[in-house]
Amino acid sequence: MRFQKIGLTTVVLCTVGIQQSFSIDIVTKEKPNIVFILADDLGWTDLGVMDSDYYETPNIDRLATEGILFDNAYAAAANSAPSRACMMTGMYTPRHGVYTVSPPDRGDRTKRKYIAIPNVEDVCADFVTMAEALQEQGYQCGHIGKWHLGDDEDGTGPLSQGFIWNVGGNRAGAPYSYFYPYCLPDKSKCHVGLEEGILGEYLTDRLTEEAVSFIKSHSEGPFFLHLSHHAVHTVLQAPDSLINKYRNKTPGKYHKNPIYAAMIEKLDDSVGRICQVIKTLGIADRTIVIFYSDNGGSEPVTDNYPLNGGKGMPYEGGSRVPLIIRWTGKIEGGIRSSVPITGVDFYPTFVTLAQGKIPANLDGKDIFTLINNNETERDLFWHFPAYLESYLNGGRDFRAKPYSSIRSGDWKLIYHYEDKSMELFNLKNDLGESQDLSGSNPVKRGELYQKLMKWIQETHAPIPVKLNPYYRE
């Protein structure tokens, strides 16, 4: 592993080969199986292939050497529920209305200058989800793990949104427990489909077992597996034996939490098991595997260096995430792409793989078309008209206050609604967002601001304008 100095920021260079421009032919007579493995709160540098100095991820690293590693991949929102809503609908946050995970007025109202835009917690059943679109193309769709977008009993859970198989998916944003029984302490709520188990069984392992069972049952294909792990979301829990392994390991400069490291190893084990069953069944050449995270790493549980900030924040640490795509026989292994990709792109990509027609109302684009056209200058957008409390100081601080942002080529602009201020960064020269150029480059600031405001108008994005009478400066 090696590092290259760019300006004042140290940028990680992976052992996966850098290949900025290449093309991929995904034309095939047979509709491929799609295995989408989603991690929760996994940071951009939380992998060995991204030079973590403590965590161990040999299976995920191997996946990168067998496929494409994207170093400019993003979540379409910096926290879980809206990010997942963007993936399922193929639309940015203003179109589905899911912005955060809690009521907009929860917490200390005296610190909120504006009354937040009302938040939708579930994806409305009127939306045609990616699973419903794939179902129309003959896919058997299975959801396993975290859903966070509603409940089946309310008509907004996985079984109501195109999946025929749901294990664990409900409105819960965090696991009730990482160890069986997977319930709240008073047993008032348990994860659906996980009521039976073995005392001491670990959730990541159990979800993997369920995923293996689904793959084996549907190996004739085509199938879509949405394996949505709770790992590595808090609470931090892992088997003692693995925790002790990392307690006995020399801490890294940036990564040093032994429980979190153990949780990552269990996540990595899951990826290895899924890849092994695909190989054993002889379906690797007709199965595309995607590994992704729903948002950036949660600080200070992990450290997102060299990125600025973490989960929930408008900076790179909040939304830049790992992404690996492998398709044996179709994609050359061991290459890296710098084409910007975001969460709304999976829906149109999967529909294209299924030989369907991409709906005109989607915001995303087919990832392989983006790669083949080398669209490195595309614009990406984020809109967060709400408040996200910090878990670090009893709710006294915020991970984020209302903002909108745009990445356009190497440039990124953040617009803050409370004080109408802007921050401008050149990510090529300053990946850590340490140098605000909004004052020294008014031309670029104005260009991106106009693009952002045009997008705000086109998407009818709601903006907080009503002052909060309880606010105290």
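How many bridges pair strand β5 (residues 68-70) with β10 in the antiparallel sense? There are 2 of them, where pairing requires that DSSP finds at least two bridges between two strands. The structure is a predicted model, in which local features need pLDDT of at least 70 and side-chain atom pairs count only at pLDDT 80 or more, while totals for chains, interfaces and linings use all residues. Residues are numbered from 1 along each chain as its sequence is written, and side-chain values use heavy atoms, leaving out hydrogens and water. Helices (H or I, at least four residues) and strands (E, at least two) are DSSP runs numbered from the N terminus.

A separate description applies to an open sheet of 4 strands, ordered β12-β15-β16-β17 with antiparallel pairing. Its edges are β12 (379-384) and β17 (421-426); each has a single partner strand, so one side of each lacks a neighbour in the sheet. From one strand to the next the twist averages 10°, with axes fitted as lines to C-alpha atoms (for helices over the stretch in contact) and angles running from 0 to 180 degrees between N-to-C directions. Although β12 is an edge strand, 5 of its 6 residues are buried, so the rest of the structure largely encloses β12. The antiparallel pairing of β12 with β15 extends over 6 bridges, and phenylalanine 384 stands opposite tyrosine 403 there. Strands β15 (residues 403-408) and β16 (residues 411-416) are likewise antiparallel, over 6 bridges. Serine 408 is placed opposite tryptophan 411 of β16.

Among the helices, α6 (residues 240-247) has Leu242, Ile243 and Tyr246 as its buried residues. Viewed down the axis of α6, these fall within an arc of 100°, so they line one face of the helix; the arc is that of the directions from the helix axis to the C-beta atoms. The face turned away from this buried side carries the exposed residues Asp240, Ser241 and Arg247. Helix α7 (258-280) is included in what covers the buried residues of α6, contact meaning heavy atoms within 4.5 Å.

Ser80 is listed by UniProt, in an unreviewed entry, for "modified residue: 3-oxoalanine (Ser)". UniProt positions follow the numbering used here, feature names are shortened, and annotations may be inferred rather than shown by experiment. In the model, serine 80 belongs to helix α2 (residues 80-89) and counts as buried because its relative accessibility is 3%. Leaving aside residues up to four places away in sequence, serine 80 touches Asp40, Lys146, His148, Asp294 and Asn295. The side chains of serine 80 and histidine 148 are joined by a polar contact of 3.3 Å, a term for a pair of N or O atoms within 3.5 Å; within protein, one must be able to donate a hydrogen and the other to accept it, and residues adjacent in sequence count only if both atoms are side-chain atoms.

How values were computed: Buried means under 20% relative accessible area, exposed over 50%, partly exposed in between (1.4 Å probe, protein chains only).
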